Amino acid sequence: MATPHISAEPGDFADTVLMPGDPLRAKVIADNYLDDVREVTNTRNMLGYTGRYGDTPVSVMGSGMGIPSMSIYAFELYTQYEVEKIIRVGTCGGISPAVKVRDIIVAMGASTDSSVNRTRLDGDDFAAIADYGLLEATVNAARAAGATPRVGNVFSSELFYNPRANFFDTLKAHGILAVEMEAAGLYGVAAETGKRAVSVLTVSDHVVTGASTSADERQNSFQEMMQVALEAAAHTN
Ligand SMILES: O=P(O)(O)O[C@H]1O[C@H](CO)[C@@H](O)[C@H]1O
Ligand SMILES: O=c1cc[nH]c(=O)[nH]1
């Protein structure tokens, strides 16, 4: 039975779904990392695939950009397709001076200017946090791959082009590692539905220093992040 936004049948998704923002990235992941792959949804071109990573069934599907889009897909995957774990695999802009382009960031928490989680809590603040088991598996997988993951708080911004004066300075002063646009929404949906989530991000550019990655570097760091996310999927109960 399809949902308004996903055309898959019950049982088409694996227990764990990797979600990049870009649906074409989902296709790249499916084509390059999964065996026995089949497309399970393509409504609105938001492509989704299910296959195997080694012995582990894994799905991958685009989330689109921003908390509203991620929230729709995550909610339907958790509540209609028995998905238990979502691993967001995305890009982010570095904020902290401790963070460099190509670094892997694991979002332990996600602050936001979005009101979605306050809506859930009738106006109260909500600490949007990753599932600890997924976080630990992701950090372990990154270390095993020889990377030094940065683990901490990111900011999920409603606006990519944010007009607030001193916006990045304020985030930096509060220890925010990086800015992106979905993690706080994903963590809110996971909490609401009693499911699990983590966000692993590669730093594509540094919004404070102005450093950026070449297309090749972006591709390499994305591949490293994918391996980390897939290993975490394979090693989380
Ligand atoms: O690379 P993805 O996963 O799309 O993530 C980042 O890139 C998009 C903005 O360019 C936003 O979705 C942001 O969160
Ligand atoms: O949301 C994002 C993603 C990458 N870089 C940014 O500056 N913002």
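This is a predicted model: local features need pLDDT of at least 70, side-chain atom pairs count only at pLDDT 80 or more; totals for chains, interfaces and linings use all residues.

1. Helices α1 and α7. Helix α1 spans residues 23–33 and helix α7 spans residues 215–234. The two pack at an angle of about 65°, with axes 12 Å apart. Because angles of 65 to 115 degrees count as roughly perpendicular, α1 and α7 are described as roughly perpendicular to each other. The crossing of α1 past α7 is right-handed. On the α1 side the contact is made by Arg25, Ile29 and Tyr33, and these meet Gln219, Phe222, Gln223, Met226, Gln227 and Leu230 of α7. By class, this contact has five nonpolar, three polar and one charged residues.

2. Helices α4 and α7. Helix α7 also packs with helix α4, residues 132–144, at an angle of about 130° and with the axes 8 Å apart. The pair is therefore oblique. Here, too, the crossing is right-handed, with α4 passing α7. The α4 residues Ala137, Thr138, Ala141 and Ala142 meet Val228, Glu231 and Ala232 in α7. The class count for the contact of α4 with α7 is five nonpolar, one polar and one charged residues.

3. Helices α2 and α6. How are α2 and α6 oriented to each other? Helix α2 (residues 67–80) and helix α6 (residues 183–193) cross at roughly 30°, and their axes come within 9 Å. Angles under 35 degrees count as roughly parallel, so α2 and α6 are roughly parallel to each other. The crossing of α2 past α6 is right-handed. From α2, the residues in contact are Ile67, Met70, Ser71, Ala74, Phe75, Tyr78 and Thr79. Their partners in α6 are Ala184, Gly185, Leu186, Val189, Ala190, Glu192 and Thr193. This contact of α2 with α6 comprises nine nonpolar, four polar and one charged residues.

4. Surroundings of ligand 1. The residues around ligand 1 are Gly21, Met65, Arg88, Gly90, Thr91, Phe160, Glu180, Met181 and Glu182. Which residues place polar atoms by oxygen atoms of ligand 1? A polar backbone atom of Gly21 is 3.0 Å from an oxygen atom of the ligand. For Met181, a backbone N or O atom lies 2.9 Å from an oxygen atom of ligand 1. Glu182 contributes through its side chain, where an N or O atom is 2.6 Å from an oxygen atom of ligand 1.

5. Surroundings of ligand 2. Ligand 2 is surrounded by Thr91, Cys92, Gly93, Phe160, Val179, Glu180, Met181, Ser204, Asp205 and Val207.

6. Residues listed for both ligands.

How values were computed
Residues are numbered from 1 along each chain as its sequence is written. Chains are lettered from A and ligands numbered from 1 in the order in which they are written. Side-chain values use heavy atoms; hydrogens and water are left out. Axes are lines fitted to C-alpha atoms, for helices over the stretch in contact, and angles run from 0 to 180 degrees between N-to-C directions. Helices (H or I, at least four residues) and strands (E, at least two) are DSSP runs, numbered from the N terminus. Angles under 35 degrees count as roughly parallel, over 145 as roughly antiparallel, 65 to 115 as roughly perpendicular and the rest as oblique. A crossing is left-handed if the near helix is turned anticlockwise from the far one by less than a right angle, and right-handed if clockwise. Contact means heavy atoms within 4.5 Å. Ala, Val, Leu, Ile, Met, Phe, Trp, Tyr, Cys and Pro count as nonpolar, Asp, Glu, Lys and Arg as charged, and the others, Gly among them, as polar. A residue is near a molecule or strand if one of its heavy atoms lies within 4 Å of it. A polar contact is a pair of N or O atoms within 3.5 Å; within protein, one must be able to donate a hydrogen and the other to accept it, and residues adjacent in sequence count only if both atoms are side-chain atoms.
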